[in-house]
Amino acid sequence: MTKHKIYTMSFAKVYPHYVTKAEKKGRTKTEVDEIIRWLTGYSQEEVEEHLAEQTDFETFFAKAPLLNPSRALIKGVICGVRVEDIEEPTMQEIRYLDKLIDELAKGKTMEKILRA
């Protein structure tokens, strides 16, 4: 079975789109970075290293220091699919991130986005 192309896509290629989506709705790059750190356990420096190294999505999530256990509380539809029903673990992690960025762009508070 061939991998979905998003797995081999550079995280750095998609990251600016996350930031643009947030900024168009009055949110900030800092908030996007906070979401990424919360989800993956990476420090800001580690996120920036992955961006500089053009790390692919599969590796980015495979090497995440501590995937946040509260990510299981992320529910809803992204790209027409319920994130909680995605069976492939890497795809689910990618869609969790997509969902969190969507919530940011829709104006949810950081407290709600980070499932505090």
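Author: Let's start with a definition: a charge patch takes residues with over 30% relative accessible area and no salt bridge, and like charges are joined within 9 Å. Keep in mind that this is a predicted model.

Reader: Okay, which residues gather in a patch of negative charge on the surface?

Author: Glu45, Glu46, Glu48, Glu49 and Glu53 do.

Reader: What makes Glu49 count as partly exposed?

Author: Its relative accessibility is 45%. Partly exposed is the band between under 20% (buried) and over 50% (exposed), so 45% puts Glu49 there. By the way, Glu49 belongs to helix H4, residues 44–53.

Reader: What is the phi of Cys79?

Author: Positive, about 55°, although Cys79 is not a glycine. Most residues other than glycine have a negative phi. Arg115 is another such case, with a positive phi of about 50°.

Reader: Is Arg115 buried or exposed?

Author: Buried: its relative accessibility is 18%, and buried means under 20%. Arg115 sits in the segment after helix H7 (110–113).

Reader: How do you know that Glu103 forms a salt bridge with Arg115?

Author: Their closest N and O atoms are 2.7 Å apart. The cut-off is a side-chain nitrogen of Lys or Arg within 4 Å of a carboxyl oxygen of Asp or Glu, so the pair qualifies. Glu103 lies in helix H6 and Arg115 in the segment after H7, so the pair ties together parts that are twelve residues apart in sequence. Glu103 is also buried, and Glu103, Lys108 and Arg115 are linked in a network of salt bridges.

Reader: What else does the side chain of Arg115 reach?

Author: The backbone oxygen of Ile113, at 2.9 Å. A polar contact needs N or O atoms within 3.5 Å, so that distance passes the cut-off.

Reader: How many salt bridges does the structure hold?

Author: Eight. Among them is the one between Arg71 and Glu93, at 2.9 Å from N to O. Arg71 lies in the loop between helix H5 (57–62) and E1, and Glu93 in helix H6 (residues 89–105), so this pair ties together parts that are 22 residues apart in sequence.

Definitions and conventions:
Residues numbered from 1 in each chain as written. Predicted model: local features only at pLDDT ≥ 70, side-chain atom pairs only at ≥ 80, totals over all residues. Heavy atoms only, no water. Patch = residues over 30% accessible without salt bridge, like charges linked within 9 Å, V, L, I, M, F, W, Y side chains within 5 Å. Areas by Shrake-Rupley, 256 points an atom, 1.4 Å probe, with all protein chains shown as cover. Lys, Arg positive; Asp, Glu negative; His and termini not counted. Charge placed at Lys NZ, Arg CZ, Asp CG, Glu CD. Helix = DSSP H or I, 4+ residues; strand = E, 2+ residues; numbered from the N terminus. Buried < 20%, exposed > 50% of the residue type's maximum accessible area, 1.4 Å probe, protein only. Polar contact = N/O pair within 3.5 Å; in protein donor to acceptor, adjacent residues only side chain to side chain.
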